[in-house]
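Q: Can you walk me through the strands and charged pairs in this one? I have the coordinates open.

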Amino acid sequence: MKKLFTQNLLLFFIAFCGFSTGLSAQIEVTDSIPGQQLAEALVGSGVTIDNVDFNCPYDAAGIFDGTNSNVGIDNGIVLTSGTADGVVGPNASGSFTGVILDPDFYGYGAWPGDPDLDVLAATVTTNNACVLEFDVTVSCADTVCFDYVFGSEEYLEFVNAGFNDAFGFFVSGPNPAGGYYNNENIAIIPGTNTPVTIDNLNDVLNSQFFIDNGDGASAPQNYDPTVIQYDGFTVVLPACFATVPFETYRLKLAVADAGDEAWDSGVFIVGESLTANVITVEANGVSGNTDFPN
């Protein structure tokens, strides 16, 4: 059964001093950002976006500056199953759970989950889903990519324990190999077709892509403000899909709790990293990359 970790007075004092003297060295987060602005923050070269749909508690997503943190990303957006400002370190809790403050949520318990994430979570259902969707139109390019980090409070104690918090990047649109992407998840472990999940990527399995960030009670993470709150997270990973030039794709970015409604997880996505990779063209026998502006 999950339980809250209790900090002793000395560790609290150390954490407080580290917090008060190192504010400039923390990840900085601004929540309550409209979905349109979040989507626009991802746009890089060779793509345009339209038809943004945002279904998320207003305090669960935001923009961040990670320059002075260990998240591995300088700036971008963050989607969480709790609160966006809950990612701010130090990691002084092993069980951080943000409180939904959205005025449109009048019920008790969890914000709704997401059916696509229910599939990824396998044997459990999801709660507290944060979902950002939009259309992406590509230029004369054959691939669209962006970069991200997934982190969670469920690490490490709840690996393979039924709390497989889910996230996914789903794509729909024409597949250049033939057929159609139908909500295909592109958040996969490099070199595999395996989804990035707590159970699939951790300190034992695919550990080369995992960063252990402490348990919320151990030094130095529990007083170092440069670390983020989550107990574990991935290295920066790519998410890519092949495209047909000048076609439009529907992209869905989503994260949720799984199996319960506690202990937050989140996805950090690199700002302006949603880019269309250019096609190598050949003219007069000379090959090279054509650069296509936004």
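**Salt bridges and the sheet**

A: Arg 250 and Glu 133 form a salt bridge, with the closest N and O atoms 3.7 Å apart. Keep in mind that this is a predicted model.

Q: Where do Arg 250 and Glu 133 sit in the chain?
A: Arg 250 is in strand S12 and Glu 133 in strand S5, 117 residues apart.

Q: How are S5 and S12 joined?
A: By 10 bridges, with the strands running antiparallel. S5 covers residues 126-138 and S12 covers residues 248-258. Glu 133 stands opposite Lys 252 in S12.

Q: What does Lys 252 form a salt bridge with?
A: Asp 114, with the closest N and O atoms 2.8 Å apart. Asp 114 is in the loop between strand S4 (75-80) and helix H3 (115-121), 138 residues from Lys 252. Asp 114, Asp 116 and Lys 252 are linked in a network of salt bridges.

Q: Is Lys 252 buried or exposed?
A: Buried, with a relative accessible area of 7%. Asp 114 is buried as well, at 8%. Arg 250 is partly exposed at 24%, while Asp 135 is buried at 15%.

Q: Back to the sheet. What is the strand order?
A: S2-S5-S12-S7-S8, an open sheet of five strands with antiparallel pairing. S2 (47-55) and S8 (180-185) each have a single partner strand, so one side of each is left without a neighbour in the sheet. The twist averages 15° from one strand to the next.

Terms used
Residues numbered from 1 in each chain as written. Predicted model: local features only at pLDDT ≥ 70, side-chain atom pairs only at ≥ 80, totals over all residues. Heavy atoms only, no water. Pairing = 2+ DSSP bridges. Helix = DSSP H or I, 4+ residues; strand = E, 2+ residues; numbered from the N terminus. Axes fitted to C-alpha atoms, helices over the stretch in contact; angles between N-to-C directions. Salt bridge = Lys/Arg side-chain N within 4 Å of Asp/Glu carboxyl O. Buried < 20%, exposed > 50% of the residue type's maximum accessible area, 1.4 Å probe, protein only.
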